[in-house]
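Student: I have just opened this structure and would like to learn how to read it. Could you walk me through a few features?

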Amino acid sequence: MDNIQKCIPANPDISGIGVRAAIYAQNLLCFFPVFFYLSDGEITMDELAGIQDQSTGMLAIAFAILITTASLAAGHNPTVSNYHAAIILDLSWMNNTSTWIWFILYVYERSKAKYKPVEATWTSWCASVWSAAYTYLLAPEPAGFYDFEKNQGIFRDLWRSKAMVPVRRLARLIPAAPVLSLGSLHLSFMAAIGIWLWSDPTKFGKTIDHCTPILAVFGVSTSFNSTPLRMFSLTMYTLLLIPGLNLLAPFAFFLFLHISYNYVHMKISKVLQSKTWEDPEAGVDTSTRAKSGVRTAFLHVGLSCLIVVNILFIIDTELTLRRNRNNQDDHERDWGFGQILALLLLLVPLRDTWIAFRNIRNNVQMRFEQAFNTVAEADTARDDLKQLLVDGARPGRPISGRFGYLLHLAAYHGKQDLIEILIDNSRVDVNAIGATL
């Protein structure tokens, strides 16, 4: 009787606490560098490249999980059940978060770009996306770009043939947009496994007899054999199957948030401005007029939506495991190589978070030192020095050049106001010995 109750086979390398904790932490940790980078109100190309490297690493791990699941489910002696495959698909939705994070930051950077920023309109963004897609997918290939200078023979002829045109275009696209390319391919691979699973769950992987697992969908218990669940899953995964096209709906959602916010903000600003002109004594401050440029504050809502979605998937996964605990083999709690390795991989997002924090501190420090030098050589002080101190600048650090410390620089130029700013900061050592002039 006990064997009948424990009808779900154990697979701790998929649903063990170590694997789950590693995936949860990895996906939530990827938000920390983003908020660090956004703390100064701008995203540089170096910061965007850092997020790109982080996202590429996470997608590589996500691919490895899906490839392992597909290989274990195939063959005459599968070792992964349809129940565990459903858990893997839930975790795969989370693993694709890094794709959307990168896109949100890309929108932020393009909107704030000093050279040709993209306006917050559908026309501007459609033109921008179409221009990038046309360049890599439809435009004529650069003359000689794909030729092999040294290699001759059948391989060169095959590479230059018309049949290889899609492959050559992908060879240009993937290095140019690795996060979007890998994210789209990951969604397609995930969708293929989802269609394979839900087209006939009884024929996927290792068969579960004598019981029917329960899945949590938005917190609601749903039978694994539920026809509405099966039809809904097949519909969702079918929509995500085609690479490239599976990115359009999420792109449209985040752009809708961005464009709608700017549109509403512009309308409100015009109303406030018209009231000021009609009734100058109405008490409406003209400073409420919209400043030139695109507003990007509402993109934070997009990041918040991603966090909420991740939390929902975590809750559903944990509820699914808890509600099937009585039917789960006791070996599910065993610790093995897979769980320990998953926890060790947490070092990657932890490293990225630390690098992001360090880069922010170094950037603030560099801006502070540049601003301090500018003010020291000018006639008046500027308020942005105090703001940079609030942001975390460290005025007591040694500086390069002829002066040992900023305090000595200010004293050399006779800037009493700057000396007062530094002395008011408790992190400045007034007894520090500088360089000899």
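Predicted model: local features only at pLDDT ≥ 70, side-chain atom pairs only at ≥ 80, totals over all residues.

Student: How many residues does the largest nonpolar core have here, and which have the most contacts inside it?

Tutor: In general, nonpolar side chains of soluble globular proteins tend to be buried together. Here the largest core holds 54 residues, and Ile-101, Leu-105, Leu-197 and Trp-198 have the most contacts inside it. Helices that each supply at least two residues of this core include α6, α7 (97-112) and α11 (178-199). Apart from this core lies another one, of 18 residues, with Tyr-24, Leu-29, Tyr-83 and Ala-342 among them.

Student: Which residues does Leu-105 touch, not counting those up to four places away in sequence?

Tutor: Leu-105 touches Val-34, Leu-38, Ile-43, Leu-48 and Ile-51.

Student: Now to α6. How many of its residues are buried?

Tutor: An α-helix has 3.6 residues a turn, so residues three or four places apart point the same way. As for α6, 12 of its 14 residues are buried, making the helix mostly covered. From first C-alpha to last, α6 reaches 20 Å, close to the 20 Å expected at 1.5 Å a residue.

Student: Is Ser-92 buried or exposed?

Tutor: A residue counts as buried under 20% relative accessible area. Ser-92 has 1% relative accessibility, so Ser-92 is buried. Leaving aside neighbours within four places in sequence, Ser-92 is in contact with Leu-66, His-186 and Met-190.

Student: And what does the side chain of Asn-95 make a polar contact with?

Tutor: Asn-95, also in helix α6, is buried at 2% relative accessibility. Its side chain makes a polar contact of 3.2 Å with the side chain of Asn-27. With neighbours within four places in sequence left aside, the contacts of Asn-95 include Ile-23, Leu-59 and His-186.

Student: How many aromatic pairs does the structure hold, and why is the pair of Trp-93 and Phe-313 called stacked?

Tutor: There are 10 aromatic pairs. Ring planes under 30 degrees apart count as stacked. The rings of Trp-93 and Phe-313 have planes at 10 degrees and centres 6.2 Å apart, so the pair is stacked. This pair links distant parts of the chain, since Trp-93 in helix α6 and Phe-313 in helix α14 (residues 299-323) are 220 residues apart. Together with Tyr-237, Trp-93 and Phe-313 form one aromatic cluster. Trp-93 itself is partly exposed, at 24% relative accessible area.

How values were computed: Residues numbered from 1 in each chain as written. Heavy atoms only, no water. Buried < 20%, exposed > 50% of the residue type's maximum accessible area, 1.4 Å probe, protein only. Contact = heavy atoms within 4.5 Å. Phe/Tyr/Trp six-rings, centres within 6.5 Å; stacked < 30°, edge-to-face > 60°. Helix = DSSP H or I, 4+ residues; strand = E, 2+ residues; numbered from the N terminus. Expected span 1.5 Å × (residues − 1). Core = buried A, V, L, I, M, F, W, Y, C linked by side-chain atoms within 4.5 Å. Polar contact = N/O pair within 3.5 Å; in protein donor to acceptor, adjacent residues only side chain to side chain.
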